[in-house]
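Please open the structure in your viewer and keep the selection panel at hand, as each stop below tells you what to select next and what is there.

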Amino acid sequence: MKLGLKNNFFALFVGIVFCCASKFVLAAQSFVYPYISLYNEPKYKSDFENFEYVNPLAPKGGTVVFPSYGGFDSFNPFIFKGNPATEAAALTLDTLGVTPVDDPASVYPLIAKAFELPHDKSFVGFILDERAQFSDGTPILADDVIFSFNSIIQKGAPIYKVYYGDVDLVEKISDRHVRFYFKKNIQNKELPLILAQISIFSKADWKGKDFSAPTLKPFLGSGPYIIDKFQAGKFISFKRNPNYWAKNLPTRKGFYNFDSIRYEYYQDTTVTLQALFSGNIDIREEYIAKNWVTGYDNDVVKSGGVIKEDIPHSNPANLQMFAFNLRKDKFKDKRVRQAISLAFDFDWANDKLFYSQYARIFSYFTNTGFEATGLPKGKELNVLNKVKDQLPPEIFTQAPSLPQHKDAFQTRENLKKAVELLKQAGYDFVDGKMTNLKTGEPLSFEIFDNSANGSSFTRVMLPFIKNLKKIGIEAKFRTVEVNIYKNRLDNFDFDVAIIALTTSQLPGNEQKELWGSASAMVHGSYNIMGIQNKVVDALIDGLIRSSHKDDYEAYVRALDRVLLFENYMIPQWYAPSARVAYQNKFEHPKTSLKVGFQPFTWWIKEENKP
């Protein structure tokens, strides 16, 4: 996915089976486990030494420079205000548990060395590792866990109250034992795994400080790196913490092999391509197909100074789209959204601009195995039948499909159909403009994107805008700086936005964030489109509470089908592999596992170390 929007949020799961290896009775109704897994046994047993996609003997040392886009004025990514440097939290703050990319349905120990679970699933307990400590040597205790959670809930971005809304109470059992109790009769099966992802920061370090305010004072963290130097909006440099407490844990072996990591901030992805060739950055993902095919034809690449590599992945396709702002009256009618969708010619763009490198996104869960295809049947049909009176009849008689533009004839037919839909919605041509006959307002809108991607999208937008003009719709394309882009999304100040959202391998509780009615009007919400649909809410609730895998899959497919038929967005495209270019001084693990680009498993070749 081109740069994912709010991309450190979505590694979430659904349904649960608690693994029994090494368990022992802790209390009358609870047990302690070395991991938590969903549905099946976890991939890694309790005595595993490292994850399979790393090199546990990778040499340490050297410096790597990555590009980042936009700017930053804060190190706090948990609040609504400011433009945070999300890399800072990722590298300096550890979480209670770790989910590996080759076992996305399980959590293994980090700050928590074990997990406590009762028979009735009414709470989850975390038993903290006695070795766990912050970078100043102070221990990580239950008070820090409770403080971290309460700070995020009480002073963090409003959306966290929705996200962790099923937690009723947090209790300190001892200095290294904390429990999260769930609300009565709540069957949120993935909640223990979600809570294991909470970043933990020091209660003592925050004494006398305002957690709700942006800050450029680095957090006292417990992660593998410490912020060394930075210039707001320009760069951040991290240095390895030599006393990192978890460096020999199985969940950390083979990771974080660089002595220092630096992020240089840019406003445009095209600039970073030249920065790679000049040696100002070391590793760069390519998001533009044309660049990948034609932009590396130079002496630096030909001589082997820069390596191009396609790294296969089995990740869900990032949900890249043209997102309608449903809060706008002009987009409330599904027929209007469908008509606009008919004007987008992906086939032409893929052939003429993308060198046929992309596949079309066809589902909200593309490449997960949970896509709604064909006609509903089996348990999915049973789920949809429960809300049949609230659904359009065609959802039961038509398979989800996207407009085809294989030739000029198909494009003309699509535009004719678009005009028919607009007329049904109360529009018609007035002086050549598609006009709302009730209000007299011509249909027009702005499509906007951030400047990091905008130049590459201009070529895609021109034929789209031309097709819209043929049916009397005026559309304009505009790019803005990344920080302005984020602010406008957070405050719902847009008509149509080009966005990309990270998709979970196992869709779950995060679906409330993305499409749930409760998040639609929350500023800074992930429900950027503003979806408010009672059927969608019910289907999300059903998938979260499903106890059996086949029930869960039925709810996910039903949710996908309903979202697709509502035409809330125009799906774009995805690449089946990560395109990575890098200076010829790095190595990375050789594995048959399709784990994609995992930069923190890379290392510098011995001959290239200073």
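Predicted model: local features only at pLDDT ≥ 70, side-chain atom pairs only at ≥ 80, totals over all residues.

Begin by selecting D333, which is found in the loop between β16 (319-324) and α8 (334-342); helices (H or I, at least four residues) and strands (E, at least two) are DSSP runs, numbered from the N terminus. This residue, D333, has a relative accessible area of 23% and is therefore partly exposed, a term that lies between buried, under 20% relative accessible area, and exposed, over 50% (1.4 Å probe, protein chains only).

Residues are numbered from 1 along each chain as its sequence is written, and side-chain values use heavy atoms, with hydrogens and water left out.

Next, select E130, whose place is in the loop between β8 (123-128) and α2 (142-155). At 47% relative accessibility, E130 also counts as partly exposed. Leaving aside its neighbours within four places in sequence, E130 is in contact (heavy atoms within 4.5 Å) with K113 and R176. If you then select P442, 312 residues from E130 along the chain, you will find that the C-alpha atoms of E130 and P442 are separated by 66 Å.

Now move to helix α10 (residues 378-385): which of its residues are buried? They are E380, V383 and L384. These residues cover an arc of only 95° around the axis, which puts them on the same side of α10; the arc is that of the directions from the helix axis to the C-beta atoms. An α-helix has 3.6 residues a turn, so residues three or four places apart point the same way. To see what covers the buried residues of α10, select α11 (394-397), α16 (534-545) and α17 (549-565), which are included in that cover.

Finally, zoom out to the whole protein, whose secondary structure comes to 17 helices and 27 strands. Its C-alpha atoms fill a box of roughly 75 × 65 × 50 Å, taken along the principal axes. Buried residues make up 59% of the 610 residues in the protein, and among contacts between residues at least 6 apart in sequence, 72% join residues at least 24 apart.
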